[in-house]
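Below are some notes on the salt bridges of this chain. Please read them with the structure open.

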Amino acid sequence: MERALDVLLCFAGERGGLGVTQIAAKVGLYKSTVHRILAALESRGFVRRDEATGRYHLGLKALELAQVYLSSGDLPTIALGEMLQLRDLAQETVSLYVRDGAERVRVQRAEGPLTVRRVVGLGERLPLYLGASGKILLAWCSPVERQRILDEQLPPGFDRAALEARLKQAREQGWALSHEEREEGVASVAAPIIDRAGRCVAALAISGPVSRFTDDRVALFSRAVQKAANAIGMKL
């Protein structure tokens, strides 16, 4: 069971599919073992094999489970109404991220209406030390957890002091800004979603092309994203 789950988790963030050799290397299993696991998963619809390339992709059964999660009445569903209103106000893509260990995962989205927009897939995993949402989730970690993540995850040469200063600023002002930190040409503004128990459960973000994130619009976005995040938090 654990080995089958490990194989399924290999597909997180992968868009082009995976070969048996790649999966075996990721999970540390023999290719023959991976073949047997994939055959079982394929028979239940959790993965499918592309006959042309021989690579495996997630199947429709995995999508069914994701849809159950998104419609289960928890955070992604509760947040969607406020996210749509925020999207209509900002005319940019709005995303909901939660922290999973040392990464952030996009669990809900409201795509912007404009042709040029930021697109990140649901379930995509991103680092915490880059991007406005990552800074929010890091800033609202416990000091011990934040220290551990920074110790383990920051790449060599990364300016830790500058990051910690930005995390402190985010805590003080209640929101964070990023300009081309993770991807060229992309900016974002994010705020924490705090539930009624006082816990930061997610980060809410507006993202789009840097050219549309002028000072005036950043000021508007920062107020709007905080308001929407607070409204979502009051429902939790």
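By about how much of a helix are Glu172 and Lys168 separated in helix H8?

1. Glu172 and Lys168 lie four residues apart in helix H8 (residues 160-173), so about one helical turn separates them. Helices here are DSSP runs (H or I) of at least four residues and strands are DSSP runs (E) of at least two, numbered from the N terminus.

2. The model is predicted: local features need pLDDT of at least 70 and side-chain atom pairs count only at pLDDT 80 or more, while totals for chains, interfaces and linings use all residues. Residues are numbered from 1 along each chain as its sequence is written, and side-chain values use heavy atoms, with hydrogens and water left out.

3. A salt bridge is a side-chain nitrogen of Lys or Arg within 4 Å of a carboxyl oxygen of Asp or Glu. The count under this rule is 17. Glu172 and Lys168 form one of them, with the closest N and O atoms 2.5 Å apart.

4. Both partners of that pair are exposed: Glu172 has a relative accessible area of 59% and Lys168 of 52%. Exposed means over 50% relative accessible area, buried under 20%, and partly exposed in between (1.4 Å probe, protein chains only).

5. Arg99 pairs with Glu145 at 3.2 Å between the closest N and O atoms. Arg99 is partly exposed, at 34% relative accessibility.

6. Asp195 and Arg199 form a salt bridge at 2.8 Å, N to O. Asp195 is buried at 8%, whereas Arg199 is exposed at 54%. Elsewhere, salt bridges with shared partners join Arg99, Glu145, Arg148 and Glu152 into one network.
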